[in-house]
Amino acid sequence: MHSSKNPHTPKVITRREVLKAMAIVAGGAALNHLGRDLVTTEAKGSQSKLDNEVYIPLVTKYGSLSIGKVVHVNEHNATSWSGQRMYWEHVEQPVVNEMVKRGVVELTGAATETDAWRELLPGYQPGKKIAIKVNFNNCWSCSSTSAVIDALIHPVNAVVSGLEQIGVVRADVCVFDAVRSLPDRFVNAGLPGITYFDNSCSNIAGFSDHPDAYITFNPPPSMSMPAEKVTDVVRNADYLINMPIMKGGHPLAGVTLGFKNHFGTIHHCSALHDYVDVVHKPPAYNRDYNPMVDFFSSPHIGGKTVLTIGDALFAAKDFNDPPETWTTFGDKLPNSLFFAKDPVAVDCVMHDLIAAELGDSLTPAANRYLALAGKAGIGIYESVNPWTESYTQINYTRVIL
């Protein structure tokens, strides 16, 4: 490995040095969630420099390999796409498998991929259910072959292959989007035996009236909230893996990442749109409150989430656009996956990369929900331009394969 020429690039040190330093810090450091005011990211540079390096920030004071840690794995051979309409046919499964393996190992500091999955699913025993939330916000039919961005099966297959190493049976893996359709082209390309749930095509993701299904909202006294409940898929699961797509340009929320992905986990999610609309700021909007933060108060969402994997193999500059190349990724596809236990930190990094690409066209308050989530103690909030600045609170590792 060698050091980048960019003076703002985090120091490059060996993995052994990182683990040693982390162990020292962890011995006496206390977790300190910081509630910082909203910082608007500026796009300070349009070109990135992707070398064969592992960028490891200086050890932060949190002393944890999970709180505030985000691993960004980039491999330009993950896709062979050159503008074809059916972009999902141009993904290299073996490369994605390696990306997932490297991501979970780097995130946990484990010696092997098997050890990493054991750490990520604490207390796992055969028969326990693992739910994987994918994003099909742009899909409305079982036969859809729309060219606009939606979930890929390849990260799911890679995760399932990893889970099998600790004895997970495929039938116990539940892949779902409870309010949209999982199209045939996605389901048919999955590993045999996985269970799928949606609102029309596969097993129906139901919504029971059990009291613990309802999300507890904590708005200001002047606000009232609709009753919302989580899907039975999540209620019946023991572990939850959130797999959002890195998407910008949302006409209401500004960006749609890990928090927004759970609009596909809850019933009547459209009733919450006005509450998250930072673009138009309707009467229901309050800058000091966002119901997406309360999603993680649910024992079935925040309480079961063991991992977020942000899918940026293609990504999207607009929430319902087809894939296109990104200037900040060297006029190529991002070809990236993001791994974190911290749901705030991983959304911060993906938001900041979108902001670096879109500049002034991104709604300035698009990461307001992350500032609020940081203040609520859900994870670490920080906003910088990842290409030109170093995070000081988020432990951001970029791995170039």
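I begin with Cys348, which is buried, its relative accessible area being 1%. Throughout, buried stands for under 20% relative accessible area, exposed for over 50%, and partly exposed for the range in between, with a 1.4 Å probe and protein chains only. Cys174 is buried as well, at 7%.

Before going further, the basis of these values. This is a predicted model, in which local features need pLDDT of at least 70, side-chain atom pairs count only at pLDDT 80 or more, and totals for chains, interfaces and linings use all residues. Residues are numbered from 1 along each chain as its sequence is written, and side-chain values use heavy atoms, with hydrogens and water left out.

As to confidence, pLDDT is the predictor's own confidence in each residue, on a scale from 0 to 100. Its mean over the protein chain is 84, and 84% of the residues reach 70 or more. Residues 1-65 are another matter: there pLDDT stays under 50. For that stretch the model has 143 contacts beyond four places in sequence, a contact being heavy atoms within 4.5 Å.

Now the overall composition. The protein chain has nine helices and 12 strands; helices (H or I, at least four residues) and strands (E, at least two) are DSSP runs, numbered from the N terminus. Of its 401 residues, 59% count as buried. Among contacts between residues at least 6 apart in sequence, 76% join residues at least 24 apart.

How many disulfides does the model contain? Taking a disulfide as a pair of cysteine sulfur atoms within 2.5 Å, the count is one. The partners are Cys142 and Cys201, with their sulfur atoms 2.0 Å apart. Cys142 sits in the loop between strand S3 (130-133) and helix H4 (153-164), and Cys201 in the loop between strand S5 (195-198) and strand S6 (203-204), so the pair ties together parts that are 59 residues apart in sequence. The link is left-handed, with -100° about the S-S bond. Cys142 is partly exposed at 27% relative accessible area, and Cys201 is partly exposed at 24%.

Let me turn to the helix pairs. The axes of helix H8 (residues 343-358) and helix H9 (residues 368-375) come within 10 Å and cross at roughly 155°. Here axes are lines fitted to C-alpha atoms, for helices over the stretch in contact, and angles run from 0 to 180 degrees between N-to-C directions. That angle makes H8 roughly antiparallel to H9, on a scale where under 35 degrees is roughly parallel, over 145 roughly antiparallel, 65 to 115 roughly perpendicular and the rest oblique. The crossing of H8 and H9 is left-handed, a term for a near helix turned anticlockwise from the far one by less than a right angle, with right-handed for clockwise. On the H8 side the contact is made by Val344, Asp347, Cys348 and His351, and on the H9 side by Tyr369, Leu370, Ala373 and Gly374.

H9 itself is mostly covered, with seven of its eight residues buried. Those buried residues pack against strand S9 (254-256), helix H7 (291-295) and H8. Just after H9, Gly377 adopts a positive phi of about 85°.

The second pair is helix H2 (residues 93-108) with helix H3 (residues 113-120), which pack at about 60° with axes 9 Å apart. H2 and H3 are therefore oblique to each other, and their crossing is left-handed. In H2, the residues involved include Val100, Val104 and Leu107, which meet a set in H3 that includes Ala116, Trp117 and Leu120.

Finally, some loop positions. Lys281, in the loop between S9 and H7, has a positive phi near 50° although it is a residue other than glycine; Lys281 is partly exposed, at 47%. Asp331 lies in the loop between strand S10 (305-316) and strand S11 (336-340), has a positive phi near 60°, and is partly exposed at 48%.

Which residues does Pro219 contact, leaving aside its neighbours within four places in sequence? They are Met225 and Tyr289. Pro219 belongs to the loop between S6 and helix H6 (232-235), and its C-alpha is 7.6 Å from that of Pro291, 72 residues apart in sequence.
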